[in-house]
Amino acid sequence: MAKGRESLRSNGELGRQGEHTKRRLEKGQAMAPKARLRTDIGWSAPDSITLFGRDFPSEILGHLSFGDMAFLELTARTPTANESRMFNAMLVTLVEHGLTPSALAARLTYMGAPESIQAAVAAGLCGLGTVFVGSIEGSAKMLYQAMPEPAAGSEYPAIAEQVVAKFNREHAILPGIGHPFHKPIDPRTPRLIALARETGFEGPYVQLIQIIAQEAERIKGRPLPVNATGILGALCCEMGFDWQICRGLGVMARAVGLVGHILEESRRPIAREVVANRRGGDGTHARWPNALGSMTEATLI
């Protein structure tokens, strides 16, 4: 009887579907073909893998560095020699910066779930925001909005004045400008500018971010150097990346650094010490020292 009921139910459903289809055809509504999911990035066959139209084993493996592969993912083409040098330097800049909150989050998560290294890395990456690493996105967005198309160098001071005034009116932090640790300059910035000059990427956006920093120093009356994410945001503009993807460079790079921190944590743990010191000796909550300085003064990486 169960089979009979199932058969009747199936036949009934088929009948209703047939009637529905008949009504659609009578109204002249064509049957839409089932949509296929697709991507232009890559596809596989039983005996091949193709990425951006290139045979993965013979044209990519052993030919592209990790950074070059990332460039291919973002641009659908392989970089030139100068693009490769600059882009790889940009990624290396963001790999490591010591015991940042992202590194601590990764280590603490690993302490609680050592079987899940990916969860520890993910926990660290969730901390890449407007203060740490993610300011590369804010810098690129600021520069694109201030100068949608490259302008003459004589216009940069006026543009910089408008940018600083706008952020002051909004009581907002200038992304990529200033650093509470690195004063009077961020030591990574001059090297990145030198590499940009050597590779042909010291263009209008790299120049504009430096003039914005000068204007901010003039208004605030204190050193506010261009930090690494500021220059990196400018370089992203020089390379034509959408500002919405710029934080992704930090995600790619910092993931490598976090894996290094987790490896060290597995061999020489410090997370338990962090947890053990969460309370003071008298039972009150311990206060963190103000080692980071004023978080309203600048963004960090």
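Tutor: A nonpolar core is a set of buried Ala, Val, Leu, Ile, Met, Phe, Trp, Tyr and Cys residues joined through side-chain atoms within 4.5 Å. Keep that in mind for this structure, which is a predicted model.

Student: Which residues of the largest nonpolar core touch the most other members?

Tutor: They are M86, L143, L174, I177, I212 and L235, in a core of 48 residues. At least two residues of this core come from each of α3, α4, α7, α8, α9, α10, α11 and α12.

Student: What other core lies apart from it?

Tutor: Another core has 7 residues, including A103, A106, Y110 and V121.

Student: What makes a residue buried, and how many of the 301 residues in the protein chain are buried, as a percentage?

Tutor: A buried residue has under 20% relative accessible area. In this chain, 37% of the 301 residues are buried.

Student: How many helices and strands does the protein chain have?

Tutor: The chain has 13 helices and 3 strands.

Student: Why is α9 called roughly parallel to α11?

Tutor: Helix α9, residues 188-199, packs against helix α11, residues 228-238, at an angle of about 20°. Angles under 35 degrees count as roughly parallel, so α9 is roughly parallel to α11. Their axes are 8 Å apart, and α9 passes α11 in a left-handed crossing.

Student: Which residues make the contact of α9 with α11?

Tutor: From α9 there are R188, T189, L192, I193 and A196, and from α11 there are A228, I231, L232 and L235. By class, these are 7 nonpolar, 1 polar and 1 charged. Arg counts as charged, so R188 of α9 is the 1 charged residue of this contact.

Student: Why are α5 and α6 called roughly antiparallel?

Tutor: The axes of helix α5, residues 101-112, and helix α6, residues 117-125, cross at roughly 150°. Angles over 145 degrees count as roughly antiparallel, and therefore α5 and α6 are roughly antiparallel to each other. Their axes come within 7 Å, and the crossing is right-handed.

Student: What classes of residue are in the contact of α5 with α6?

Tutor: On α5 the contact is made by S102, A105, A106, T109 and Y110, and on α6 by A119, A120, A123 and G124. The count is 6 nonpolar, 3 polar and no charged residues.

Definitions and conventions. Residues numbered from 1 in each chain as written. Predicted model: local features only at pLDDT ≥ 70, side-chain atom pairs only at ≥ 80, totals over all residues. Heavy atoms only, no water. Axes fitted to C-alpha atoms, helices over the stretch in contact; angles between N-to-C directions. Helix = DSSP H or I, 4+ residues; strand = E, 2+ residues; numbered from the N terminus. Parallel < 35°, antiparallel > 145°, perpendicular 65-115°, else oblique. Left-handed = near helix turned anticlockwise from the far one by under 90°. Contact = heavy atoms within 4.5 Å. Buried < 20%, exposed > 50% of the residue type's maximum accessible area, 1.4 Å probe, protein only.
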